[in-house]
Amino acid sequence: MSPATIFNIHLLLGYVPWLLCFAAYISPKLTSMDRVEAQRAIATLHSFRFFGLVFMIPGVVGPDLSTGFSTFAAYGDFATGLLAMLALLTLRIRPLFWLFVVAFNLVGAVDIIVDYFHGIQLGLPAGQLAATYWIPIIYVPLLMITHVAAFYLLVRSQPRKVRNVVGQSTAS
């Protein structure tokens with residue numbers, strides 16, 4: 001098998017265990033939570049995306065990794081991580097919190113989609129990812145799945161059970 005084929009199989013199969021884990025453990029927990037707390041949990045995960053700047057560190061990635069890919073991926077991750085941190089920092093100022101939740105999810109999802117597009121368009125040689133090879137295989141699928149979940153949680157109505165519990169706790 002060619003390295004490109006192995007990389008593509010890894011990219012695809014990276015989603016399978018995360019989707020299984022998400023369906024069994026994460027989704028039931030998130031959907032049972034208050035909307036703010038669920039988005040807070042997702043923002044916490046995405047706040048670590050500042051780590052994407054690693055794509056611009058020589059020696060960590062291969063010397064022939066396209067700057068068209070690495071620069072956009074690095075700054076897209078960095079922006080998403082900062083927006084997620086701002087969401088967490090503005091938790092008590094709800095209009096700002098919701099603005100940053102929407103912003104980090106939009107920027108983050110677009111970043112991942114464009115990174116996939118750039119990788120395909122440029123014929124990204126997997127070996128040039130070097131020490132960062134694991135990021136699109138193991139980390140990115142969870143990020144994309146949680147972006148989809150965040151958008152779902154933003155548009156769905158709060159379950160009655162959660163509304164009642166939240167209403168009781170704020171009344172206490």
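Tutor: The crossing of α3 and α4 is left-handed, meaning that the near helix is turned anticlockwise from the far one by less than a right angle. This is a predicted model, in which local features need pLDDT of at least 70, side-chain atom pairs count only at pLDDT 80 or more, and totals for chains, interfaces and linings use all residues. Residues are numbered from 1 along each chain as its sequence is written, and side-chain values use heavy atoms, leaving out hydrogens and water.

Helix α3 covers residues 35–46 and helix α4 residues 67–89; they pack at an angle of about 145°, with their axes 8 Å apart. The axes are lines fitted to C-alpha atoms over the stretch in contact, and the angle, between N-to-C directions, runs from 0 to 180 degrees. Helices are DSSP runs of H or I with at least four residues, strands are E runs of at least two, and both are numbered from the N terminus. On the α3 side the contact (heavy atoms within 4.5 Å) is made by R40, A43, T44 and H46, and on the α4 side by T80, G81, A84, A87 and L88. By type, these residues divide into four nonpolar, four polar and one charged; Gly is counted as polar in this scheme.

F104, leaving aside neighbours within four places in sequence, is in contact with I42, A43, H46, T80, L83, A84, A87 and H147. F104 is also, together with F55, the residue that touches the most other members of the largest nonpolar core, which has 40 residues. Such a core is a set of buried Ala, Val, Leu, Ile, Met, Phe, Trp, Tyr and Cys residues joined through side-chain atoms within 4.5 Å. Two or more residues of this core come from each of α1 (3–13), α2 (15–32), α3, α4, α5 and α6 (134–155), and α6 gives the most, with eleven.

The buried residues of α5 include F97, F100, V101, F104, I112 and H118, where buried means under 20% relative accessible area, exposed over 50% and partly exposed in between (1.4 Å probe, protein chains only). Among the elements covering the buried residues of α5 are α3, α4 and α6.

Beyond residues up to four places away in sequence, V107 touches G76, A79, T80 and L83. H118, also found in α5, is buried, because its relative accessible area is 17%. Apart from neighbours within four places in sequence, H118 is in contact with G68, F69 and F72.

Just after α5, G123 takes a positive phi of about 60°.

For context, the chain holds seven helices and zero strands, and buried residues make up 41% of its 172 residues. Of the contacts with a separation of 6 or more, 82% join residues 24 or more positions apart.
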